[in-house]
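Thanks for passing this one along.

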Amino acid sequence: LKNSKFAMENVSTVMEGNRNIYWRLNVKENLQFFAGLQGISARKIKSYMEELIELFGLKEKIKTQARNLSRGMQQKLAVACTLIKKTPILLLDEPTLGLDVESSYDLRKILKTMAKDCERTIILSSHDMNVVQDICERVIIVNKGKIVADDKIENLKKLFQTQSFR
């Protein structure tokens, strides 16, 4: 609670599951709604909203209610709604869980681009090490509330590399 104002202004979140968007609103309405929650007018974010719709491949579904989108499209919309706020920090919990292979790879590519090109910090929680490898530069592994590893991906891959002989 001490830093809640800072968190509200600087952190956006997508939690695991598909309750990050409003099901009865269409793609465009969801983006406008989440911008509005932050006091950002639809007029002010129009071009950025169009950019996100294009980036996430949602253009053909712009007037489709969220409940009628595929699971992958719903997740892409949820991340786009998080990005609409333009916070420097994104907190993503299992962002690719339940997605088909193609949607998972699409989302990983978008997140990596966002981190690099938009200079955003992405804090990712995932049990899928392939997702972690594709998106992250640095990994912190926590076990029972304690940090057991904190290093760059390539160093951790070497640490956990196993060899077997027959």
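1. The largest nonpolar core has 41 residues, and those with the most contacts inside it are Leu31, Leu52, Phe56, Leu77, Leu83, Ile84 and Leu124. Such a core is a set of buried Ala, Val, Leu, Ile, Met, Phe, Trp, Tyr and Cys residues joined through side-chain atoms within 4.5 Å, where buried means under 20% relative accessible area with a 1.4 Å probe, protein chains only. Two or more core residues come from each of helices H2 (27-37), H3 (42-55), H4 (71-83), H5 (101-117), H6 (129-135) and H7 (153-160), and from strands S2 (89-93) and S3 (121-125). H4 gives the most, with 7 residues.

2. A word on the basis. This is a predicted model, in which local features need pLDDT of at least 70, side-chain atom pairs count only at pLDDT 80 or more, and totals for chains, interfaces and linings use all residues. Residues are numbered from 1 along each chain as its sequence is written, and side-chain values use heavy atoms, with hydrogens and water left out.

3. For the overall layout, the protein has 7 helices and 5 strands, in the order α-β-α-α-α-β-α-β-α-β-β-α along the sequence. These elements are DSSP runs numbered from the N terminus (helices: H or I, at least four residues; strands: E, at least two). The C-alpha atoms fill a box of roughly 60 × 40 × 30 Å along the principal axes.

4. What does Leu124 touch, beyond residues up to four places away in sequence? Its partners are Leu92, Pro95, Val131, Val132, Ile135 and Cys136, a contact being heavy atoms within 4.5 Å. In the protein as a whole, among contacts between residues at least 6 apart in sequence, 64% join residues at least 24 apart.

5. Cys136 counts as buried because its relative accessible area is 15%, and Cys81 is buried at 6%. A search of the whole structure finds 0 disulfides, taken as pairs of cysteine sulfur atoms within 2.5 Å.

6. Leaving aside neighbours within four places in sequence, Asn10 is in contact with Thr87, Pro88 and Ile89.

7. Finally, buried residues make up 37% of the 166 residues in the protein.

Notes:
Buried means under 20% relative accessible area, exposed over 50%, partly exposed in between (1.4 Å probe, protein chains only).
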